[in-house]
Amino acid sequence: MRQPKIIVVGGGLAGLMATIRVAESGVPVDLFSIVPVKRSHSVCAQGGINAAKNQKGEGDTTAKHLDDTIYGGDFLANQPLVKRMCDDAPGIIDLLDRMGVMFNRTPEGLLDYRRFGGTLYHRTAFAGATTGQQLLYALDEQVRRHEAEGKVKKFEGYTFLSAVLDDSGVCRGITAMDLRSMEVKVFPADAVIFCTGGIGAIFGRSTNSVVCTGSAQSVLFQQGVDYANGEFIQVHPTSIPGEDKLRLMSESARGEGGRVWVPRNPKDTRAPKSIPENERFYFLEEWYPKYGNLVPRDIATRAIHRIVYQEKLGLNGQAAVYLDVSHIDRETLDRKLEGILEIYEKFCGVDPREEPMKVFPGMHYTMGGIWVNAVDQATNLPGIYAAGECEYQYHGANRLGANSLVSCIFGGGLAGPAAVKYARNLEKGTESVPSTVFDREKKRQDDKNQALLSQDGTENPMTIWRELGDIMTEHVTVTRINKNLQLADGHLQALQARYRKINLSDRTKWSNQTLNFARELENMLLLARVITLGALARNESRGAHYKPDFPDRDDANWLKTTRAKYVNGEIQLTYEPVDISLIPPRVRKYDAAK
Amino acid sequence: MAEKNVILKIKRQSSPNEPAHWEEFSLRWRPAMNIIICLRDIAENPVTRDGKKTTPISYDSNCLEEVCGSCAMVINGKVKMACSALVDHLPQPITIEPMTKFPLVRDLAVNRQFMFDSLKRVKAWIPIDGTYSLGEGPRVAPEIQEKGYPLSRCMTCGLCLEVCPQVNDNNKFVGAAIISQVRLFNMHPTGAMHARERIQALLGEGGIEECANAQNCVQACPKSIPLTESIAEVNRAAWKQSLLGWLLG
């Protein structure tokens with residue numbers, strides 16, 4: 001029998017899980033990553049991973065996890081796969097536990113669970129406040145074991161450039177660039193699984209890592225892979241603003257009892273500790289008595305914006321509110337939250353155990369992404385699969401905290417075997433494809449590099465990127481107004497025009513980070529337009545997508561998935577129905593129990 | 001008021017085969033600047049302090065919140081993570097050099113593959129039977145978790161190798177981070193079933209015997225991992241194992 005070959009692009013949680021599953025099936029797998037996989041962005045996830053194990057005797061069930069997820073996502077997610085994910089989540093926790101993740105424990109030696117946003121149950125398993133790091137390491141170790149046994153070959157320090165499509169549009173491999181030698185190379189494969197993560201860099205500053213540019217997703221989109229629900233962007237309510245990055249302050253701070261507040265009197269200049277309780281405005285607790293500080297992220301983010309921009313109650317007139325854990329005892333804080341408190345202390349020079357943290361919402365996550373089917377993570381192009389944050393399947397219009405890690409592992413675990421099955425069933429494998437198919441794709445990529453390296457222009461890629469981030473953050477995050485979205489799209493097109501005149505300040509051919517960044521930038525600009533146009537078209541408010549001119553959810557017209565296509569160099573928006581076969585849509589509100 | 005500037009001296013090397021040289025940069029100071037922001041400023045306007053055009057600096061980075069382990073470099077003579085190195089805490093001119101214990105790629109970027117290979121050598125994993133459903137993992141006492149969790153925060157950044165006098169051209173010492181990982185896996189109930197194999201991998205060339213107890217590692221670790229404690233514990237296990245092996249012939 002022919003031995004198929006699988007490629008996984010991206011070594012975060014989803015990519016590593018897919019890799020493990022492919023390796024377990026006995027099929028060789030090549031794993032591509034820009035950074036050593038142990039440095040992938042999944043390490044930034046902090047608070048935990050959801051699974052309805054009901055270990056606190058609260059009567060939690062996977063059905064309730066499903067309902068919280070669908071309701072939290074404002075009914076935009078297709079329900080059957082979300083149900084499977086919630087049903088599988090307890091087994092995923094067991095698996096991670098068997099892999100040796102150092103989850104926090106109860107005195108009985110069982111896993112401990114904390115509360116997270118958008119639920120009333122203790123459903124979130126956690127390893128301190130660095131859960132993503134701990135899970136990633138566990139999967140990284142398993143992949144290393146398969147690598148030692150010769151089943152996995154890693155290509156770290158490579159960036160994906162394009163899929164190789166044959167004349168009938170079937171994916172037969174990829175081209176990738178060695179980021180040291182800057183050589184473009186061809187890698188044949190029978191199926192490719194993309195696990196390329198988030199798109200934070202499109203917003204300039206976000207909670208995402210440097211590699212989260214969305215470049216791979218954009219390349220695939222330009223090659224004919226559809227992109228769904230791009231307009232749904234999660235802005236996390238609590239991050240520390242910074243010029244290079246918005247550093248996340250996990251929802252787990254509130255899960256462990258942290259409270260968000262501002263002084264009732266905006267002119268109050270006293271140190272926060274000396275402001276008495278009755279002069280503090282705990283606005284989330286007042287506005288949402290049932291869920292309090294643990295309302296879903298879109299709700300908390302809009303509340304903080306309202307406090308700062310409408311009520312003018314931001315700290316010292318600035319865009320900031322207090323996130324306060326200083327009333328919690330030190331021992332508990334160090335045991336459960338040390339990782340994030342340490343980040344705050346290092347970057348702000350203030351000990352959050354003593355003084356409230358100053359935070360503000362920051363771009364965090366994309367619910368939208370590569371369109372995949374409702375069965376097994378396959379995209380609309382044969383041989384191309386996607387899993388993790390880069391696809392759109394599990395979170396609807398707003399993701400609940402601690403659901404991302406579970407969706408990465410579930411999706412990756414689904415994609416691996418699906419790709420193997422597809423590859424095994426292929427009548428003719430990639431070895432039967434004429435070499436001209438690979439040669440022409442390689443040439444296209446070589447030409448692109450050559451053009452960038454040799455052209456003389458006036459524009460600096462870093463400058464264009466900064467302007468891209470400013471436009472997207474101002475107009476396409478928390479509050480969306482049609483006339484501004486139109487303006488933003490005009491700006492984006494102007495940036496695309498300026499991009500054609502960029503000048504690389506580095507033209508060398510060894511470890512040229514400027515060349516790689518320039519290539520990513522072109523792709524970011526296009527994906528930014530997909531997001532903006534999707535937002536412009538959707539005249540309603542749903543989950544993270546909020547338009548004051550259309551303040552209500554409009555199921556009659558907009559209970560549908562945006563499915564963007566790239567046709568003849570143009571972005572086209574099409575729509576398809578959402579599978580609501582399990583839970584009928586109902587009004588979403590968090591001021592009372594649902 | 002005159003504008004405040006930040007002066008940087010950066011060691012440049014365009015490839016492993018080219019000679020190194022220094023370049024000086026003057027940047028506009030802003031509040032809460034870190035070294036990453038400085039390097040990005042240079043990328044946007046790659047001009048030296050004396051007005052000469054140059055290339056952007058190559059360097060490793062990713063998470064920018066000290067959890068991925070990428071951006072280690074030698075700053076004012078001390079190895080640290082660039083993302084959490086705040087300009088206001090550093091006397092100027094700020095000198096920046098690549099780490100010296102790993103092969104240079106370009107400028108400040110180095111290749112730490114040696115560490116990942118060492119993790120392979122010591123089998124730093126729990127050998128599970130498969131990812132199919134096999135029920136819950138073993139119960140773990142909170143005390144073990146509280147010891148293991150700090151060890152499992154190791155980012156493989158390489159700071160402990162950079163400061164270790166035993167890591168040098170004449171020696172293949174795996175370094176403190178790797179030894180500490182052996183301790184981590186050997187304390188886990190399932191991992192302990194294969195403790196001997198991991199200890200065995202630390203006997204012989206480049207293994208635990210190379211440690212000369214300089215104790216620089218524990219001071220350099222950005223995550224305050226008790227590395228010397230790990231070395232002591234693994235060392236005891238290694239002695240026991242090799243002595244037993246000798247007695248049993």
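Predicted model: local features only at pLDDT ≥ 70, side-chain atom pairs only at ≥ 80, totals over all residues.
Residues are numbered from 1 along each chain as its sequence is written, while chains are lettered from A and ligands numbered from 1 in the order in which they are written.

Strands pair if DSSP finds at least two bridges between them. Helices (H or I, at least four residues) and strands (E, at least two) are DSSP runs, numbered from the N terminus. S20(A) and S21(A) form a hairpin with two residues between them. In the turn, pick A:Asn568, whose phi is positive, about 50 degrees.

**The three-stranded sheet.** Next, select S7, S8 and S9 of chain A, an open sheet with the order S7-S8-S9 and antiparallel pairing. Its edge strands, each pairing on one side only, are S7 (158-165) and S9 (184-188). On average, neighbouring strands here are turned by 30 degrees against each other, direction ignored. Axes are lines fitted to C-alpha atoms, for helices over the stretch in contact, and angles run from 0 to 180 degrees between N-to-C directions. S7(A) pairs with S8 (residues 171-178) of chain A through seven bridges; find A:Leu165 and its bridge partner A:Cys171 in S8(A).

Now show H1 (13-24) and H10 (residues 404-425) of chain A. H1(A) and H10(A) pack at an angle of about 35 degrees, with their axes 7 Å apart. Residues of H1(A) that meet H10(A) include A:Leu13, A:Gly15 and A:Arg21; on the H10(A) side, A:Cys408, A:Gly412 and A:Val420 are among them. Two residues are in contact if their C-beta atoms, placed from the backbone, lie within 7 Å. By class, this contact has 12 nonpolar, five polar and one charged residues. Ala, Val, Leu, Ile, Met, Phe, Trp, Tyr, Cys and Pro count as nonpolar, Asp, Glu, Lys and Arg as charged, and the others, Gly among them, as polar.

**Where the chains touch.** Finally, display both chains: the contact takes 56 residues from chain A and 56 residues from chain B. On the chain A side, the largest share, eight residues, comes from H4(A). This side divides into 19 nonpolar, 19 polar and 18 charged residues.
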